[in-house]
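Thanks for coming. I will take the aromatic residues and then the nonpolar cores.

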Amino acid sequence: SPGGPRASTWVPARSRMEPPGQGASPRSFCQRLGARTHLVSIHNEEEHQAIISMLASSQPYSDSEEQEANGDVWIGLRLSLRRLWEWSDGTKLDYGSWYRDVLPRRRACAALEDTADFASWDVELCSDRKPFICAYRT
């Protein structure tokens, strides 16, 4: 259906957390899984709810040795050099669930907020180490 989830396979959040800009970043890790694999992009409420359900049922990062103080999870949304929000898979930004309206200037990556049961997004420092979700678009 036009408003339903896109044809995707989600890879649950990895227990291995790498900063997005260094070495084996979440973005490059996902791309190594295949040409159509990227950090997850979210385009409607149904797709967002499916990801929330997956995270709630899997929690694969909870036993990570590198677990951070919060359990936020990277998604593929980041602020470009042109100061526009863009999905790493190149798809259109057509849905949002932002935690707050005013966005800090130096934080340029988006994450699902653990404190909001992953229902809202917040802007985080791209250098923060967090689990992440890869999506394979079919």
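**Aromatic pairs and cores**

At 14% relative accessibility, Tyr-95 is buried, where buried means under 20% relative accessible area, exposed over 50% and partly exposed in between, with a 1.4 Å probe and protein chains only. This is a predicted model, in which local features need pLDDT of at least 70, side-chain atom pairs count only at pLDDT 80 or more, and totals for chains, interfaces and linings use all residues. Residues are numbered from 1 along each chain as its sequence is written, and side-chain values use heavy atoms, with hydrogens and water left out.

The ring of Tyr-95 pairs with that of Trp-121: the centres are 5.8 Å apart and the planes are at 70°, so the pair is edge-to-face. For the cut-offs, rings of Phe, Tyr and Trp (its six-membered ring) pair if their centres lie within 6.5 Å; planes under 30 degrees apart are stacked, over 60 edge-to-face, and the rest tilted. Trp-121 is buried, at 0% relative accessibility.

The structure holds five aromatic pairs. Another of them is Trp-85 with Trp-98, tilted, at 5.0 Å centre to centre and 50° between the planes. Trp-85 is buried at 17%, whereas Trp-98 is partly exposed at 29%. Trp-85, Trp-87, Tyr-95, Trp-98 and Trp-121 form one aromatic cluster.

Now the cores. A nonpolar core is a set of buried Ala, Val, Leu, Ile, Met, Phe, Trp, Tyr and Cys residues joined through side-chain atoms within 4.5 Å. The largest has 21 residues, and Trp-121 is among those with the most contacts inside it, as are Ile-42 and Leu-112. A second, separate core of eight residues includes Phe-29 and Trp-74.
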